[in-house]
Amino acid sequence: MTAFTREHLLGLEGLSLEELMALIDTASSFREISERDIKKVPTLRGKTVVSLFYEPSTRTRTSFEIAAKRLSADFVSISASVSSATKGETLLDTARNIAAMRPDCLIMRHSAAGAAHFLAQRVPCPIVNAGDGAHEHPTQALLDLLTIRDHVGRLDGLDVAIVGDILHSRVTRSNVHALKLLGARIRLVGPPTLLPAEAAAWGEVCYDIRSGVRNADVIMMLRIQRERQGRNFFPTLEEYSRYFCLTRSVLQEARPGVVVLHPGPINRGIEIASDVADGPDSLIMDQVTNGVAVRMAVLYLLAGGVDDEAAA
Ligand code: CP
């Protein structure tokens, strides 16, 4: 019996350690399916999964589709930019109409924080939050944790530096909820304009990247979210890069064996140097690989596969 029995996955805030580990362990158990010649099991045969994205995505949307198909679910993908949202249909009306077609799970991404919670209270269908504004991105944090555990060998008591555009980062918020459960020492690193006031409650705030990553076991780099920069948070990208880009020289400050993560897409040469992103300490491609397993686990747990064999 899994410890995760919730109807929706809206965020990692409020999950117990048992629920968090159940999600990560279930994901780990699904990984070998993607290594088979025939990457398909019948676990969600007859189930229908719909994705509804109001923001662009490469990794999340694609990996949810691959995950659903590897579990034999039918998958329908809707981009708001080519849906009746462009004719003025509201989010709620769109979701109600999709729910009327009886999907078994609705995955959604929206620019508004709380959008997934809003629908979960109004639509009779399990909802997965694939990113809501600057609020949460729970499956990203789950794949981050699975990747860290693979390479560091543990999740408890880590020194984790999260560097960059913390203000706009839903990835940070989901990771902070999980890392605190796991007893991590968290450092939030960036210019003062990109560090929200609540960051002081999440961990140690640091405005200098060298001291911020010093003795870190894990460095999570964040993308500068240029599409969300309503005002100028720093003078120029060149200046941001000069002070906050993770270079090989800066990486020397971290603990030997440090691992570097980035949720993608990366801005090469702005928040992370190419030789770090593509270097031996980078787990960026492992994160993407683990994204499929995490999303298989989430769909399995929410869309009704819990009584079946995971990998028949
Ligand atoms: N990490 C992430 O959410 O990437 P996408 O925006 O490509 O889905």
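Where does the ligand sit? In this predicted model, the ligand is found in the largest pocket. The ligand is surrounded by Ser57, Thr58, Arg59 and Thr60, together with Arg109, His137, Gln140, Pro263 and Gly264. Sorted by class, this shell is made up of six polar residues, two charged residues and one nonpolar residue.

Several of these neighbours can be followed down to single atoms. In Ser57, the side chain provides an N or O atom that is 2.6 Å from an oxygen atom of the ligand. With Arg59, it is the backbone that takes part: one of its N or O atoms lies 2.9 Å from a ligand oxygen atom. How much of the ligand does the protein bury? Taken alone, the ligand exposes 250 Å², and 91% of that is buried by the protein.

Attention now turns to another part of the chain, Pro280. This residue belongs to the loop that links helix H11 (274–277) with helix H12 (284–302). Is Pro280 buried or exposed? Pro280 counts as exposed because its relative accessibility is 73%, and the cut-off for that label is over 50%. Along the chain, Pro280 and Gly257 are 23 residues apart, while their C-alpha atoms are separated by 9.9 Å in the model.

Conventions. Residues numbered from 1 in each chain as written. Predicted model: local features only at pLDDT ≥ 70, side-chain atom pairs only at ≥ 80, totals over all residues. Heavy atoms only, no water. Near = heavy atom within 4 Å. Polar contact = N/O pair within 3.5 Å; in protein donor to acceptor, adjacent residues only side chain to side chain. Areas by Shrake-Rupley, 256 points an atom, 1.4 Å probe, with all protein chains shown as cover. 1 Å grid on protein atoms, 1.4 Å probe; cavity = no way out; pocket = protein on both sides within 12 Å on 5 of 7 lines; lining within 4 Å. Sits in = over half its atoms within 2 Å of the grid points. Nonpolar A, V, L, I, M, F, W, Y, C, P; charged D, E, K, R; others polar. Helix = DSSP H or I, 4+ residues; strand = E, 2+ residues; numbered from the N terminus. Buried < 20%, exposed > 50% of the residue type's maximum accessible area, 1.4 Å probe, protein only.
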